[in-house]
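Please keep the sequence and the model in view while reading.

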Amino acid sequence: MIYDIDVMEVMDNADLLNKMILNSTAYINYKEAFIALEHNHEVQQIKINLIKLKEKYDEVNRFGRYHPDYQTVMLETRRKKKEYEMHPDVAQFKQLETQLQTLLDEVLVIIATSVSTEVKIEKGNPFFESHTCSSGCGCS
């Protein structure tokens, strides 16, 4: 790629946009919640237990319902996952993560549609889609 003045200007504007996103309330709240979650010993212990259980889950899942501990491991895995996801700090983090993803999706759509309305856009939030193409891929 040949770098001319136009490419350099776009790169500078991309850096500016990046700084604006990093200074946004959505990102700051997300980052604070992420750090708080990493320092929450209760959540970290639940996460460690869930990871250990997931190893058992993967082993049992290889053999399917023929494994002697299939029901026990499956139920325990679901319980631990629910316990983790329903923890108030984790639930708040997930909500803030979704808000940040929505902001990023909106920025992506604005940039892409300003280039062309025919640009296909991968978006993480299915509720954010304005339309789908005939193949149902979720592009805009």
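## A lysine and its partner

Lys54 has a relative accessibility of 45% and counts as partly exposed; buried means under 20% relative accessible area, exposed over 50%, and partly exposed in between (1.4 Å probe, protein chains only). The side chain of Lys54 meets that of Asp58 in a salt bridge, at 3.2 Å from N to O. A salt bridge here is a side-chain nitrogen of Lys or Arg within 4 Å of a carboxyl oxygen of Asp or Glu. Asp58, at 36% relative accessibility, is likewise partly exposed. Helices are DSSP runs (H or I, at least four residues), numbered from the N terminus.

## Basis of the model

The model is predicted: local features need pLDDT of at least 70, side-chain atom pairs count only at pLDDT 80 or more, and totals for chains, interfaces and linings use all residues. Residues are numbered from 1 along each chain as its sequence is written, and side-chain values use heavy atoms, with hydrogens and water left out.

The structure holds 4 salt bridges. Side chains of opposite charge can pair when their charged atoms come close.

Glu76 is partly exposed at 28%, whereas Arg79 is exposed, with a relative accessible area of 52%. Glu85 and Lys81 are also joined by a salt bridge (3.9 Å, N to O), and both lie in helix H4, 4 residues apart. Glu85 is partly exposed at 36% relative accessibility, as is Lys81 at 43%.

## Aromatic pairs

The whole structure contains 4 aromatic pairs. Rings of Phe, Tyr and Trp (its six-membered ring) pair if their centres lie within 6.5 Å; planes under 30 degrees apart count as stacked, over 60 as edge-to-face and the rest as tilted. The pair of Phe34 and Phe93 is tilted, because its planes stand at 45°, with ring centres 6.0 Å apart. This pair links distant parts of the chain, 59 residues apart: Phe34 belongs to helix H2 (residues 25-38) and Phe93 to helix H5 (residues 88-115).

Phe34 is partly exposed, with a relative accessible area of 31%, while Phe93 is buried at 9%. Ring pairs join Tyr27, Tyr30, Phe34 and Phe93 into a cluster.

Key
Helices (H or I, at least four residues) and strands (E, at least two) are DSSP runs, numbered from the N terminus.
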